[in-house]
Amino acid sequence: MLLQLNNIFKWVNSGGQRIFLLKDINLQVEEGEFISIMGPSGSGKSTLLNVIGMLDGFDEGEYNFLHESVHTLKEKHRSNLYKEYIGFVFQSYHLLDELTVQENLEMPLLYKKFKGSERKAMVADMLDRFNIVGKKDLFPAQLSGGQQQLVGVARALIASPKLILADEPTGNLNSSQSEEIMELFKQLNQEGVTIIQVTHSEQNAAYGSRVINLLDGRMI
Amino acid sequence: MLKHNLLLYLRSIKKHKSSFLINLVGLSTGLACVLLVYLWVADELDKDKFHENDEQLYQVRRNVPIGQGAIGTFSSNSSLMLTALQEEVPEVEMATAVFEIDNKVRLETEEKKLTAIGNMASEDFFKVFSFPLISGDKHTVLSDVSSVVISSELATNFFGQDLDPIGKTLSIKVGEENIDAVFTITGVFEIPKNSSEKFDFLLPYKTFLKHRDPDNIAWYSNSSSVYALLVPKTDINAFNQKMADFVAKRNKYLKGEQVLFTKYSNNYLRGRYENGKQSGGRITYVILFSIVALFVLAIACINFMNLSTARASRRLKEVGVKKAVGANRKSLIFQFLSEALLLSFFSLICACLVVGLLMPWFNTLTGKELNFVLEGEIILSIVLITLLTGLIAGSYPALYLTKFKAVKVLKGKIETSFGELFVRKGLVIFQFCISILLIVAVSVIYMQLDYIQSKNLGFNKDNVLVFDRQDALINTMEVFLEEARQLPGVVSTSYMQGGMTNFSNSSRGHTWPGQSEEDKEITFRHAHVGPEFIETMGIAMKEGRSYINEQPDNDSKIILNETAVKVMGLKNPIGTVINMRGPNREIIGVVKDFNIQSVYNEIAPMALLCRTEWVSNLVVKIKAGEEKTAIAGLTKLYAKFNPGLDFDFRFLDNQYQLLYLAEQRVATLSKYFAGMAILISCLGLFGLAAFTAERRRKEISIRKVLGQSTSQVTIMLSSEFVKLVLISILITIPIAYLLATDWLSQFAYKISLHAGYFLGAGIVALLVAILTVGSQAIRAGNKNPISALREE
């Protein structure tokens with residue numbers, strides 16, 4: 001088992017009222033799964049993803065990741081944990097405009113104490129694998145949306161994470177670009193990477209092995 | 001990682017050139033100011049510190065009651081002080097006396113004649129002070145009555161570089177002291193650059209004593225400076241207490257006089273005394289300019305902080321992404337700090353270039369010979385200053401930008417908090433407070449200087465030539481003046497002891513009818529002057545007559561100034577016989593008060609005596625418009641009396657201006673500093689305004705769509721900043737008023753402050769701010785609203 005959420009609650013206080021963002025979430029994810037989280041706007045999809053990704057905290061409940069209880073860990077341990085095992089893919093790619101494709105790929109490695117030569121090898125490997133060697137010296141603004149997201153996925157994968165979290169990875173892409181990215185996810189999943197994606201599209205959800213539906217912070 | 005961050009930084013500079021330039025210009029200017037002031041301050045602090053015995057080296061001063069409860073501090077001492085200290089005071093290890101010759105002295109070899117500045121110093125001079133001797137033995141160079149020690153510069157001028165001057169002879173005439181003899185060179189010294197005293201030669205003090213009228217070798221005759229090396233670790237306060245009545249107990253007329261030992265190397269920076277106590281001096285300006293330079297740098301740092309945090313949105317995505325891929329806060333803080341450091345080192349390079357270019361200009365401005373050489377200590381200091389600048393400027397943005405959570409940043413949910421706005425506005429207010437303060441300072445200093453120079457001095461300083469009584473003129477002064485009076489363009493001629501800018505000779509213990517016991521303490525200034533002196537200087541008579549057609553060396557007459565008559569309490573002064581500088585003098589006239597020192601001091605009681613003795617200067621009044629003819633005639637006449645000597649004259653009004661050189665330099669320097677402060681502040685404001693316009697683009701568009709006009713938008717945007725400047729004005733005015741009052745209090749004659757100075761400065765700051773912000777606001781107001789709304 002990769003991760004397990006037990007009775008997770010998350011809320012904000014607004015005007016003396018408690019507004020629940022997540023309510024009593026229970027979820028188990030096995031290694032090798034491909035899960036799609038679906039639901040209308042404001043149902044808590046992204047919040048759930050961020051909680052799983054440890055970018056955001058929660059107010060009640062238990063979260064175990066690879067037999068470590070995340071809710072009791074110190075900030076530093078937590079960040080070490082997700083640094084090592086989790087990769088993120090964002091809807092609006094979030095590549096750094098001032099860096100080239102190659103440098104964007106290298107960036108996560110800088111925070112993981114790899115040697116210069118190792119980093120070079122890993123970046124070259126990734127460029128090769130995603131067939132973007134020719135674009136390595138271009139800046140994000142010089143790429144199409146699909147190509148940018150390709151780089152985004154490559155960046156998420158570069159440190160060989162066990163889990164990829166993707167928040168509407170195809171939200172800004174046209175249909176053929178979407179298809180390309182989803183095919184890529186499917187292939188990665190077959191290679192053993194666990195994937196959790198947030199999506200609006202039934203078509204994308206169909207790539208996954210399991211669908212979780214959320215409404216007003218509750219799993220239904 | 002470093003390479004990666006560097007790359008990121010360089011590319012973002014390329015992309016956002018304007019904020020980079022604003023920061024670079026601001027920080028370089030700030031650093032350049034600090035560097036210039038650093039060089040200046042280091043030089044000032046180093047003055048006179050080269051003497052090996054600096055810690056033990058003291059000057060002997062006297063605190064003397066000068067009437068009406070006031071105490072004057074004098075550095076002149078009796079020549080008897082030297083031997084008394086040497087023989088009777090165990091705490092004094094060694095002492096030396098120096099008599100300063102007022103005028104330039106003429107020195108001659110058979111081939112060459114030169115004029116130079118010289119002193120007469122007692123034997124231990126080179127042991128007490130550490131002026132390096134290139135040749136000669138420091139124990140004996142001044143032992144012989146006919147020896148002379150000259151500076152290496154003078155030696156070169158006389159004998160060239162190669163010739164050894166030791167044993168050569170110079171004939172020297174000192175008019176004041178009736179010295180006219182041949183002296184043998186026994187030593188050559190050098191004056192280090194950081195010495196506040198400059199002199200070209202030294203004669204033995206014995207010579208001075210030999211030629212002095214024995215009547216004037218007494219405790220009441222103060223002519224020499226006396227310096228002493230105290231035994232190491234002497235408790236100076238206890239010692240001063242012990243020595244206080246040293247002079248008073250030796251002469252009954254001198255009771256009330258207190259001896260005071262002050263550290264010699266403090267003279268330069270802390271040389272001003274008020275009522276017997278040390279009170280500032282140049283140190284005030286050293287501190288003042290250090291603070292001002294730091295303020296200018298602070299203003300530049302504030303620009304950096306404000307622009308970095310205001311434009312945070314640009315960098316927040318980077319922070320978010322980096323945090324999401326695993327960067328911790330520490331590494332991000334490190335990244336932002338190193339960017340700030342990099343910028344400050346770029347600025348340092350620019351600042352060094354600027355300082356290098358400005359050095360000659362700065363030297364003329366400050367009257368110094370500073371060198372900007374990058375070596376050991378300077379490098380260390382400027383690197384430290386730069387590091388500190390970078391850290392201070394970078395710390396706030398670094399802490400601010402990295403505190404956000406990745407999720408929030410990436411979703412663009414960052415709101416500017418109240419606290420953040422408060423800090424930013426507070427910093428802008430601080431910048432403008434300093435700018436306004438500097439503008440007020442500049443205007444007050446300028447107005448006061450103007451006032452001093454146009455003030456009615458009680459004498460007419462225009463068209464008066466002053467030149468030394470030297471060489472042949474020592475004996476033929478009166479013949480010369482008689483002939484000069486006949487020249488075309490010459491109005492009148494006379495002579496005087498000392499200069500119009502400083503009548504320093506003083507005495508007390510005088511008696512007059514109706515004098516009370518305590519009035520015996522009153523100190524009077526006095527000067528020996530020639531007939532027609534009062535007319536030549538255009539001094540007004542209050543009553544009686546002047547010395548016109550008077551026989552010189554007349555021992556039975558005296559003229560007083562108004563203040564003297566007032567403090568003496570004489571009802572009908574004319575015809576009264578008093579004892580002052582000699583018995584039974586009849587007061588023949590009273591002159592209206594005229595300034596006898598700088599306007600720092602109130603006019604003191606003064607007596608004018610008609611005598612030729614000790615006269616050092618000749619004065620000639622010439623007709624306005626006929627200066628050329630008069631000077632040409634005088635030059636010819638001078639050459640007749642003094643063949644081979646240049647007619648070296650000064651205009652009295654120029655001399656008078658020199659008196660306020662320090663104030664003029666301060667005025668010019670503060671003018672530039674104020675200019676820089678306001679420039680950098682406005683740069684910052686410009687950047688902030690541009691940013692605000694950008695941030696509120698959507699709001700402005702919506703307002704315009706709903707019908708607000710361009711001018712309304714402009715006013716709305718400008719008013720935000722105008723408010724800040726108004727607050728700064730309100731905060732600054734009371735502070736500026738207090739500081740200005742404090743500065744002016746050192747002048748006896750000063751301008752009265754009125755609201756105009758403060759409001760004027762505020763209006764200048766406000767106008768500059770409105771112009772800066774207005775241009776940005778108009779640009780924002782004129783934009784097509786649709787383009788902004790479509791982007792959203």
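## Chain A at a glance

Buried residues make up 40% of the 220 residues in chain A. Keep in mind as you read that this is a predicted model. Chain A is built with seven helices and ten strands, and its C-alpha trace spans about 55 × 40 × 35 Å along the principal axes.

How does the radius of gyration of chain A fit with that of a compact globule? For 220 residues, such a globule would have a value near 17 Å, and chain A has 18 Å, so the two agree.

Start with A:Met38, which belongs to strand β3 (residues 34–38) of chain A. Is A:Met38 buried or exposed? It counts as buried, because there are 20 C-beta neighbours inside 10 Å and 20 is enough to reach the cut-off. Beyond its neighbours within four places in sequence, A:Met38 is in contact with A:Thr199, A:Ala205, A:Val211 and A:Asn213. A:Glu202 is another residue to look for: it is 164 residues from A:Met38 in sequence, yet their C-alpha atoms are 8.6 Å apart in space.

Now look at A:His67, in the loop between β4 (60–65) and β5 (68–69) of chain A. A:His67 is exposed, because it has 9 other C-beta atoms within 10 Å. Its backbone deserves a look too. Most residues other than glycine have a negative phi. A:His67 is not a glycine, but its phi is positive, at about 65°.

## Chain B and its domains

The domain assignment divides chain B into domain 1 (1–47 + 275–415), domain 2 (54–268), domain 3 (433–460 + 662–792) and domain 4 (472–644). The C-alpha centres of domain 1 and domain 2 of chain B are 49 Å apart. Where these two domains of chain B touch, six residues of domain 1 are in contact with eight residues of domain 2. On the domain 1 side, there are no nonpolar residues, two polar ones and four charged ones.

One loop of chain B holds B:Asn463, between α13 (418–454) and β17 (464–468). B:Asn463 has a positive phi of about 55° although it is not a glycine. With 20 other C-beta atoms within 10 Å, B:Asn463 is buried.

In soluble globular proteins, nonpolar side chains tend to be buried together. The largest nonpolar core here has 155 residues, and those with the most contacts inside it are B:Cys33, B:Val296, B:Leu438, B:Val440 and B:Ala677. Helix α19 (residues 661–695) of chain B gives the largest share, 18 residues. Both domain 1 and domain 3 of chain B give residues to this core, so it lies between them. Leaving out residues within four places in sequence, B:Ala677 is in contact with B:Phe295, B:Val296, B:Ile299, B:Ile434, B:Ser435 and B:Leu438.

Apart from this core lies another, of 57 residues, including B:Met537, B:Ile539, B:Ala564 and B:Ala630. B:Ala564 sits in helix α16 (residues 562–568) of chain B and is buried, with 29 other C-beta atoms within 10 Å. Not counting residues up to four places away in sequence, B:Ala564 touches B:Phe524, B:Pro605, B:Met606 and B:Ala607.

## Where the chains meet

The contact between the two chains takes 19 residues from chain B and 17 residues from chain A. On the chain B side, α1 (2–15), α9 (312–324) and α12 (406–410) each give two or more residues. Which element gives the largest share of that side? It is α1(B), with six residues. By class, the chain B side has ten nonpolar, five polar and four charged residues.

## How confident is the prediction?

The model scores ipTM 0.80 and pTM 0.78. For chain B, the mean pLDDT is 85, and 98% of its residues reach 70 or more. Where pLDDT is low, the predicted coordinates should not be read in detail.

Note on methods. Residues are numbered from 1 along each chain as its sequence is written. Chains are lettered from A and ligands numbered from 1 in the order in which they are written. This is a predicted model: local features need pLDDT of at least 70, side-chain atom pairs count only at pLDDT 80 or more; totals for chains, interfaces and linings use all residues. Two residues are in contact if their C-beta atoms, placed from the backbone, lie within 7 Å. Helices (H or I, at least four residues) and strands (E, at least two) are DSSP runs, numbered from the N terminus. Ala, Val, Leu, Ile, Met, Phe, Trp, Tyr, Cys and Pro count as nonpolar, Asp, Glu, Lys and Arg as charged, and the others, Gly among them, as polar. Domain bounds come from an automatic or database domain assignment. A residue is buried if 20 or more other C-beta atoms lie within 10 Å of its own, exposed if 12 or fewer, and partly exposed in between; C-beta atoms are placed from the backbone. The radius of gyration is taken over C-alpha atoms; the globule rule is 2.2 Å times the number of residues to the power 0.38. pLDDT is the predictor's confidence in each residue, from 0 to 100. A nonpolar core is a set of buried Ala, Val, Leu, Ile, Met, Phe, Trp, Tyr and Cys residues joined through C-beta atoms within 7 Å.
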